[in-house]
Amino acid sequence: MARSSDDKISGLQKASILLIALGPEKSATIFKHLKEDEIEELTLEIANTRSITPQIKEEVIDEFYEVCLAQQYIAEGGIGYAKELLEKALGADKAMDVIGKLTASLQVKPFEFIRKAEASQLLNFIQDEHPQTIALILSHLPLSQAAIIVSSLPPDRQADVAKRIALMDRTSPDVVKEVEKVLESKLSSLVNQDYTIIGGVDAVVDILNAVDRSTEKHIMETLEIEEPELADEIRKKMFVFEDILLLDDRAIQRVLRDVDNNDMALALKSANEQVQASIFNNMSKRLAVMIKEDMEFMGPVRMKDVEEAQQKIVNIIRKLEDSGEIVISRGGGDEIVV
């Protein structure tokens with residue numbers, strides 16, 4: 001269907017025109033980041049687009065560029081900074097129009113204005129807030145920033161905040177807006193109109209994996225008393241079988257001493273080559289040959305049985321870590337020692 005610059009073009013139509021202009025390779029890359037229903041809508045719209053005038057294509061590309069530029073400016077220095085630069089480049093009216101489109105379509109992340117703040121400064125800013133408010137803020141921050149803040153909180157608040165992050169599911173945009181206003185009254189709220197999905201067990205696992213061992217241990221011990229089921233779910237996700245690559249050779253050799261050979265053969269059935277090599281390189285050649293033969297002769301196995309065997313080994317690793325016999329490197333400053 002032919003279009004003219006006078007036609008009213010919807011957001012979906014603009015997106016399809018942009019994807020057509022970008023070409024199949026770049027469009028395919030973008031599709032990887034979209035939901036199934038969004039891909040279906042765009043595919044249908046692209047299929048229904050017969051022809052596009054060069055003028056329309058140029059207008060859509062220009063608009064996309066302007067919105068991307070605005071988003072970059074906001075990330076660098078906030079709304080005021082973005083507005084100032086856009087006004088110089090595009091004029092006052094165009095600048096406000098672009099920022100308006102940005103908030104409606106690209107949905108700038110909540111609390112964007114504090115993402116570049118020093119964690120120590122931010123801690124002073126929020127440490128006296130209600131634990132639920134702190135949990136909400138940390139759920140929107142980069143892991144490194146959130147981990148520093150959690151580690152610096154008083155011990156009696158660390159587990160409480162961690163628990164609230166884990167149990168958090170959906171937060172009303174009105175609540176997020178109100179918290180943003182308290183933190184930064186000079187900035188306009190850019191939260192999107194839909195409920196914001198944040199937090200959850202995966203979020204608190206990521207944070208706990210980034211904090212120091214003592215902080216993690218204190219939080220987990222407290223959760224085991226107050227929320228044992230939640231603590232068990234978190235612990236299972238904090239170290240998966242493939243993370244055995246985080247151990248050095250001496251630690252792996254120590255783990256192997258407590259692992260049943262049948263469990264190891266079963267656990268390695270679905271492991272990648274890197275994990276298998278790490279295990280086999282740390283056992284005798286005779287034992288490695290024997291386990292490889294067991295893996296071959298056992299034939300097809302149920303994935304459930306493989307996962308159970310892997311979990312047994314993970315539990316051994318966690319037990320050895322808790323007793324201080326091995327240390328898991330999480331990138332938070334711990335060295336791998338035995």
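Predicted model: local features only at pLDDT ≥ 70, side-chain atom pairs only at ≥ 80, totals over all residues.
Visitor: Let's zoom out. How many helices and strands are there in the protein chain?
Guide: The protein chain has 18 helices and 2 strands.

Visitor: What share of the residues counts as buried?
Guide: Of the 338 residues in the protein chain, 39% are counted as buried.

Visitor: What about the surface, how much of it belongs to carbon and sulfur atoms?
Guide: Carbon and sulfur atoms account for 50% of an accessible surface of about 19,100 Å².

Visitor: Which share of the contacts joins residues at least 24 apart?
Guide: That share is 73%, taken among contacts between residues at least 6 apart in sequence.

Visitor: Now to helix 14. Which of its residues are buried?
Guide: In helix 14, residues 249-256, the buried ones are A251, I252, R254, V255 and L256.

Visitor: What covers them?
Guide: The cover over the buried residues of helix 14 includes helix 15 (261-267), helix 16 (273-280) and helix 18 (303-322).

Visitor: Can we stay with helix 16 for a moment? What does S278 touch?
Guide: S278, which lies in helix 16, touches L245 and I252, leaving out residues up to four places away in sequence. I252 is also one of the buried residues of helix 14.

Visitor: Is S278 itself buried or exposed?
Guide: S278 has 15% relative accessibility, so it counts as buried.

Visitor: Where is S270 found?
Guide: S270 is in the loop between helix 15 and helix 16. With a relative accessible area of 35%, S270 is partly exposed.

Visitor: Which residues is S270 in contact with?
Guide: Setting aside neighbours within four places in sequence, S270 contacts M303, V306 and Q310.

Visitor: Changing topic: at what angle do helix 7 and helix 9 cross?
Guide: The axes of helix 7 (residues 131-138) and helix 9 (residues 155-167) cross at roughly 60 degrees and come within 8 Å. The two helices are therefore oblique to each other.

Visitor: Is that crossing left-handed or right-handed?
Guide: Helix 7 passes helix 9 in a right-handed crossing.

Visitor: Which residues meet there?
Guide: P131, Q132, I134, A135 and L138 come from helix 7, and they meet R157, D160, V161, R164 and I165 of helix 9. Sorted by class, this contact has 6 nonpolar, 1 polar and 3 charged residues.

Visitor: And what about D128, buried or exposed?
Guide: D128 has 71% relative accessibility, so it counts as exposed. Its place is in the loop between helix 6 (119-126) and helix 7. From D128 to L153 it is 9.9 Å, C-alpha to C-alpha, and the two are 25 residues apart in sequence.

Visitor: Last one: where does F64 lie?
Guide: F64 lies in helix 4, residues 54-90. At 40% relative accessibility, F64 is partly exposed. The C-alpha atoms of F64 and A15 are separated by 9.1 Å, while the two residues are 49 apart along the chain.

Notes. Residues numbered from 1 in each chain as written. Heavy atoms only, no water. Axes fitted to C-alpha atoms, helices over the stretch in contact; angles between N-to-C directions. Helix = DSSP H or I, 4+ residues; strand = E, 2+ residues; numbered from the N terminus. Parallel < 35°, antiparallel > 145°, perpendicular 65-115°, else oblique. Left-handed = near helix turned anticlockwise from the far one by under 90°. Contact = heavy atoms within 4.5 Å. Nonpolar A, V, L, I, M, F, W, Y, C, P; charged D, E, K, R; others polar. Buried < 20%, exposed > 50% of the residue type's maximum accessible area, 1.4 Å probe, protein only. Areas by Shrake-Rupley, 256 points an atom, 1.4 Å probe, with all protein chains shown as cover.
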